[in-house]
Amino acid sequence: MQIPRLHPDTIEEVKQKADIYDVVSEYVVLRKRGKDYVGLCPFHDEKSPSFTVSQTKQLYYCFGCQAAGNPIKFLMELQKRSFSEVVLDLARRYQVSVQTLAPEQRQELERQISLREQLYQVLATTAQFYQHALKNFGHSALEYLRDKRRLKDEIIQQFGLGYAPQGWETLYRYLVEDKRYPVQLVEKAGLIKPRKEGNGYYDVFRDRIMIPIRDVMGRVIAFGGRTMGDEQPKYLNSPETELFSKGKNLFALDAAKNGISQFNQAVVVEGYFDAIALHAAGINNAVASLGTALSIEQVKLALRYCESKQLVLNFDADNAGTNAAERAIGEIADLAYKGEVQLKILNIPDGKDADEYLYSHTSQEYQQLLATAPLWLNWQINQIIKGKDLKQATDFQQASQQIVKLLKNIQNQDTLTYYVSYCADILSLGNSQLVPLRIENLLTQIAPQTANWAPRHSMSNRDVIPKTMPAGLFNPPPTPSKATSLLERAEALLLRIFLHCPGQRQYILNILDQHDLQFSLSHHRFLWQKILEEISDEFNLNVVSKLQNICLEYPEETALVSHLFHLTEQTKAEIQRAVQVIHTAITCMEIVMCEKRLQHFKELWQETDPEIDREKHDYYYQAFFEEKLKLQNLDKQRQFSIIDL
């Protein structure tokens, strides 16, 4: 919705009332450390927590990526939303009276806020109605839940299960005629539909078990209805509304978020009753998708509460369940390839779903299945070779091609090396003499430039070493003074463009994030932190003068960056080619980082005696070789050098 400009008093009150710990802890698992809290940074991938939250200062800061700010900035960055949208949500949360700069705009805003609040109220009333119907005249529905689903009354009550009576207008009469809710409001809640002939409305849900769908705060936002027989459709969800979007919500997340944090793992199942059955068995880290392919938004929603980012998809083992798992993998493959999600796939034996499995097995047995569930790549490899006779040329070729297609997307070299060896072993059909040939064949198809690579020593080695040493491999990198000079000029160019070219600011933010780069020199890092503190939904057009005023408080840190606030004829000419300059500066920053890693691995390799520790010696050489290839590629990417600029 279009949000009118908020009054400064509203913004200030929100800043005073919004608590940094309350806001951040909904998305990051925080641990107490001294006066502050620490956790894994949500803005970049890390294994050791470097993200700190200070309640006394009401600020967050990451020592890894230098992300910093207040509660408003945190939500803006994490949710990619505008300043006004975030302030408005926090105003609702902390019951701050919203004022806008124009009275008529304020009325429209309050109307939109009021609509959402009214929808929450209608849906809460409806949930109570369905629960009342279940207890008083839904005998067949209650029998279905107790006998067929084997649910105890406390679980029925915990999940607010209910019953929609058979009548076409039962709920309509209750909400519109008895409770006096406006008919348009009830329709917007997704509970009734207008008749095609245009005379009246009818209930969306009739003669169904009713399952409330709640948001993470426990508010009812929609319903899922299930028949008690084989009528179609078996499951019927509320339509998309102002409050409900299938691809952005998960069933039972409100009940599972603490369990996800406790188990450090999120389990996603297909059906409502699968999730309910798991919670009933004490496995309270389970959620269910909502009848649609699992989306990235749903994955990120579940993993907000999981420090390890481990996600287990427990879909049915039949064709439909396998297809659903394949679709889900397709949606989140990028995150999994990057290691941002530890994705596992669980297919329960005999094609059972979680609900069926728990009829005849204990929760401990199910947890054992979770513990031994294969990683998603292993599962996909098994799917590729499933039903194929690898002794037959056609099946072998088809399996090899599919495996190569899968492995091509692996970005981490260690992971790729492992899976190349893993797949080569499978394709060798137990003949160890064929493994080196299979490795070479796979590598040739995955990346032709690695065709000269061959396994060295035993298959237990974690790396593959080139047979030949490329010319110029040991050319020395630039001296530290040259590297520092290059970095100084590259970072200064980026900062100058950011300050003086408003149209390039978001682009620079995106490209730094995309390449996982940070400002390395301390004075540039200081200025960048001050810049980020001033970013809002509309970057302050007077940011240069504002930053200059702020920097007056830090004369020592500012001395080396003050020249960036002013443009000369030369620097004006530089920023006229902003896009090319940005790319060149980014590439130069990557080159300097790559050269440092190159020198580091070279020294480690030369210091390691291959007679004492052959595996470590080969590992350092492999790492050095990869950095050298990266460096060569980066040199090719440069359109022109910093000197040319």
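## A buried ring pair

Phe 519 has a relative accessible area of 3% and is therefore buried; the term buried applies under 20% relative accessible area, exposed applies over 50%, and partly exposed covers the range in between, with a 1.4 Å probe and protein chains only. The structure is a predicted model, in which local features need pLDDT of at least 70 and side-chain atom pairs count only at pLDDT 80 or more, whereas totals for chains, interfaces and linings use all residues. Residues are numbered from 1 along each chain as its sequence is written, and side-chain values use heavy atoms, with hydrogens and water left out.

Rings of Phe, Tyr and Trp (its six-membered ring) form a pair if their centres lie within 6.5 Å; planes under 30 degrees apart count as stacked, over 60 as edge-to-face and the rest as tilted. One of the pairs joins Phe 519 and Trp 528: the ring centres are 5.0 Å apart and the planes stand at 45°, so this pair is tilted. Trp 528 also counts as buried, at 9% relative accessibility.

## Further aromatic groups

Tyr 619 and Tyr 620 form another tilted pair, because their ring planes stand at 55°, with the centres 5.7 Å apart. Tyr 619 counts as partly exposed at 24% relative accessibility, whereas Tyr 620, at 15%, counts as buried. Elsewhere, ring pairs connect Tyr 27, Phe 43, Phe 51, Tyr 60 and Phe 74 into a cluster.

Two arginines are placed over aromatic rings. A charge sits over a ring if NZ of Lys or CZ of Arg is within 6 Å of the ring centre and within 35 degrees of the ring normal. The charged end of Arg 149 is over the ring of Phe 273, 4.3 Å from the ring centre. Arg 206 lies over the face of Trp 168, with a distance of 3.9 Å to the centre of that ring.

## Overall organisation

The protein has 645 residues, of which 49% count as buried. Its secondary structure comprises 27 helices and 17 strands; helices (H or I, at least four residues) and strands (E, at least two) are DSSP runs, numbered from the N terminus. Contact means heavy atoms within 4.5 Å. Among contacts between residues at least 6 apart in sequence, 66% join residues at least 24 apart.

## Helix packing

Two packed helices are described by the angle between their axes and the distance between the axes. The axes are lines fitted to C-alpha atoms, for helices over the stretch in contact, and the angles run from 0 to 180 degrees between N-to-C directions. Helix α12 (residues 296-303) packs against helix α13 (residues 319-337) at an angle of about 55°, with the axes 9 Å apart. This makes α12 oblique to α13, given that angles under 35 degrees count as roughly parallel, over 145 as roughly antiparallel, 65 to 115 as roughly perpendicular and the rest as oblique. Ile 296, Val 299 and Lys 300 of α12 meet Glu 331, Ile 332 and Leu 335 of α13. By class, this contact has four nonpolar, no polar and two charged residues; Ala, Val, Leu, Ile, Met, Phe, Trp, Tyr, Cys and Pro count as nonpolar, Asp, Glu, Lys and Arg as charged, and the others, Gly among them, as polar.

Helix α17 (residues 393-407) and helix α18 (residues 413-427) have axes 11 Å apart and pack at an angle of about 170°, which means that α17 is roughly antiparallel to α18. Phe 396, Ser 400, Ile 403 and Leu 407 of α17 make this contact with Leu 416, Tyr 419, Val 420, Cys 423 and Leu 427 of α18. The contact has eight nonpolar, one polar and no charged residues. Tyr 419 is also touched by Asn 378, as is Tyr 422, with residues up to four places away in sequence not counted. Asn 378 belongs to helix α16 (residues 376-385) and counts as buried at 12% relative accessibility.

## Backbone features in loops

Gln 232 and Pro 233 are joined by a cis peptide bond, with omega about -5°. Pro 233 is located in the loop between β10 (220-226) and β11 (235-237).

Gln 95 has a phi near 55°, a positive value in a residue other than glycine. Gln 95 is in the loop between α4 (83-93) and α5 (103-137) and is exposed, with a relative accessible area of 70%. Lys 309, likewise not a glycine, has a positive phi of about 60°. Lys 309 lies in the loop between α12 and β14 (310-314) and is partly exposed, at a relative accessible area of 28%.
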